[in-house]
Amino acid sequence: MEPILVLLHTTDEGALPKAALETLAVAQTLGTYHLAVLGANAAAAAQSVSAGALSVRAIEGDAVAVSRYATDAVAAQALATASGATVILAPCTLRFQRALPGVAARLNGACDTHVVAVDPDLSIHRWYYRQRMEATQSRTARPWFVLIEPGAADPCAAQPGAAAEVLPCAVETRTEVIGYQSPNADQQTIRPDAQLLFVAGAGWTKKQKDGQTHTDEAGSLILNFVQHNKTSLGSSKSLVDLSGEGQAVLPFLTHLHQVGQTGSTPRHRKGLSTCCHGEEPHVVGWRFINERRAINLDAACGWARGKADVLYVADAFEVMRELAKLL
Amino acid sequence: MPYQIIVCGGLAPDPLQTLEPVTTPAGPGLKNELMLPAVFDPWAGHALYEAANLAKNVPGSVIKVVSIAPKAKLQQVMMTVAQKLPFELVPLDGPGGGFTDSASVATALADAIAAIPGLDKSQMLLFGGWESATRGAGVVMQMVGEKLGITEQFLAVDELKVDESGALIIKERVEGGRHQVSKCAAPPAVLAWATGNLPEPSNHPQTGMANMRAMMPALQKAKAAALTSTLSYASVALPAVTRQTKIVKDVPAAQIAQELADWIKQ
């Protein structure tokens, strides 16, 4: 068996994210492994999950307290090199997705992302053409960075073990992280941990039975539902494009909400699509939504072609008004 | 100081096309791949529109698009893209599908960029899509940056502003619908773009004609990109799951709402 390193990072608060425990769970199915953690409070975080690891290393301090390419790349390179591993498993968070491909290039290796499974022979499973086909593949290049997609495995239970050896890290960078911008808690509409994804399509902005558009009411129905039920909000591309073109439609929707070919591929147990036609470029973003229901006026829309579990042929305005009374 | 903006971008099958994997002597590919209509990769397109916006605001800036694709297909796609904004094309003739090895593609792109005559790396901004609509790995831009020695890199960028000191203020997507805001003192830098916020520029036939006058000779002289691979594919398949869709019609909205409420509460 090749030497494997499980490379993790902490959050800004110094804890391991759920994706870290999922990656560790994948590694535990493959045999023995080394462990390394970078980020704020990395040594303590490493020790909290180090049971069974062949070696434990960490890099912490101001340089890696925040997510930044230049510093993360140096730290990850140092940890990977010190472990002697040829295969490095890491969570496919945006922090590592930014830094680790460059580290692979530095070490003349390779990097694969969005991996949803790893077989015992180190074959990996990942998606191509935006979740439209799945490949099983392997590589000869080493070191090989394999980034495990969040949600692809159940997280393991944290088992503390040996203390981490803390390595130094010094690097000059021209980049300073200023902070984060996020909506207020009561305005938040993207919730990765929500059970339900509510997706709005362009039909909300079209003329209704009375020949008029009702975008104010549409916005109110959607936001009330999302805020009240703490669901995550997604959008079809056509709807956010309307907003980007300066039209005053559902202004709370941005490209961050876009689900599909050129948007995100969220993971939620349930998804409810409204006023969206379920065409392939949009539905590829639903690949990891388990239970799917849709509301659309057109019984022949794309959702009817084996993509949704239930298609309600109905007026979404009327259904959502009624639903607001019930929830 | 004007920027030298390099935009890396490949081609992708038109998103509305049905895709089916097939095995070819060179590995996996798409059925009728050469016949499928192609578009400029959507994320790379966003990077290109952002480049155009930056170049418009910083006079003297130039844009060069570096692309690996079958050159006949690249020529077809450029007939459309070239109408949107002025840029110079640096084409590489090679396979453009999603099953090419990202590391090899990055090496070919980096070599092509390094060979651009008169490139001032101190003023270079390397743009590209965060991921492609083909391989969808999100690794090529970082690898190209590393091979060119650029260690200030940003992924999933939605906004770039230049402050009065010339520093780059960059918003990157992070988990949970948030943006991380960073300040990079100066170029060079790699920016792998998400969607940004700019609409697609409208077509200007005169810009297209001016662009194509330089592009056609460049396409004729396009060097072959010799891609290698450390990848081997055991299988490539379409997902097998097709749902048995239950269609509910002619049912009162209140009844549908009750059914949905029960489902949501489960």
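**Note on a predicted two-chain model**

1. Chain B contains six helices and 15 strands, where helices (H or I, at least four residues) and strands (E, at least two) are DSSP runs, numbered from the N terminus. The secondary structure of chain A comes to eight helices and 15 strands. This is a predicted model, in which local features need pLDDT of at least 70 and side-chain atom pairs count only at pLDDT 80 or more, while totals for chains, interfaces and linings use all residues. Residues are numbered from 1 along each chain as its sequence is written, chains are lettered from A and ligands numbered from 1 in the order in which they are written, and side-chain values use heavy atoms, with hydrogens and water left out.

2. Taken along the principal axes, the C-alpha atoms of chain A fill a box of roughly 70 × 40 × 35 Å, and those of chain B fill a box of roughly 65 × 50 × 40 Å. Of the 327 residues of chain A, 60% count as buried, and for the 266 residues of chain B the figure is 55%; buried means under 20% relative accessible area, exposed over 50%, and partly exposed in between (1.4 Å probe, protein chains only). Contact means heavy atoms within 4.5 Å. Among contacts in chain A between residues at least 6 apart in sequence, 65% join residues at least 24 apart, and in chain B residues 24 or more positions apart account for 75% of the contacts with a separation of 6 or more.

3. For residues 4-182 of chain A, an unreviewed UniProt entry carries the annotation "domain: Electron transfer flavoprotein alpha/beta-subunit N-terminal"; UniProt positions are given in the numbering used here, feature names are shortened, and annotations may be inferred rather than shown by experiment.

4. How many residues does the largest nonpolar core have? The largest nonpolar core has 60 residues, and those with the most contacts inside it are A:Leu7, A:Leu100, A:Phe145, B:Ile113, B:Leu126 and B:Val144; such a core is a set of buried Ala, Val, Leu, Ile, Met, Phe, Trp, Tyr and Cys residues joined through side-chain atoms within 4.5 Å. Helix H3 of chain B gives the most to this core, with eight residues. Apart from this core lies another, of 39 residues, among them B:Ala51, B:Ala69, B:Leu85 and B:Leu219. In soluble globular proteins, nonpolar side chains tend to be buried together.

5. In chain A, A:Thr23 lies in helix H1 (residues 18-28) and counts as buried because its relative accessibility is 0%. Not counting residues up to four places away in sequence, A:Thr23 touches A:Val6, A:Leu8, A:Leu89, A:Ala90, A:Pro91 and A:Ile148.

6. A search of the whole structure finds three cavities of 30 Å³ or more, and about 390 Å³ of space lies in the largest cavity. On a 1 Å grid over the protein atoms alone, a cavity is a set of points where a 1.4 Å probe fits but cannot get out, and lining residues have an atom within 4 Å of a point; grid points are joined across faces, edges and corners, and a volume is the space filled by probe spheres set on the points.

7. The largest cavity is lined by 28 residues, of which B:Gly10, B:Val105, B:Ser132, B:Arg135 and B:Val140 lie nearest its centre. Strand E6 (62-69), helix H3 (102-114), strand E8 (124-129) and helix H4 (140-147) of chain B each supply at least two residues of this lining. The lining residues divide into 13 nonpolar, twelve polar and three charged, where Ala, Val, Leu, Ile, Met, Phe, Trp, Tyr, Cys and Pro count as nonpolar, Asp, Glu, Lys and Arg as charged, and the others, Gly among them, as polar.

8. Some backbone angles deserve a look. Most residues other than glycine have a negative phi, and most peptide bonds are trans. The peptide bond from A:Arg142 to A:Pro143 is cis, with omega near -5 degrees, and A:Pro143 has its place in the loop between strand E7 (133-139) and strand E8 (144-148) of chain A. In chain B, a cis peptide bond joins B:Pro187 and B:Pro188, with omega about 5 degrees; B:Pro188 sits in the loop between strand E11 (178-184) and strand E12 (189-193).

9. Phi of A:Lys230 is near 55 degrees, a positive value in a residue other than glycine, and this residue is found in the loop between helix H5 (215-229) and strand E12 (232-235) of chain A. A:Lys230 counts as partly exposed because its relative accessibility is 47%. B:Asn32 has a positive phi of about 55 degrees although it is not a glycine, and B:Asn32 lies in the loop between strand E4 (27-30) and strand E5 (38-40) of chain B. With 51% relative accessibility, B:Asn32 counts as exposed.

Conventions
1 Å grid on protein atoms, 1.4 Å probe; cavity = no way out; pocket = protein on both sides within 12 Å on 5 of 7 lines; lining within 4 Å.
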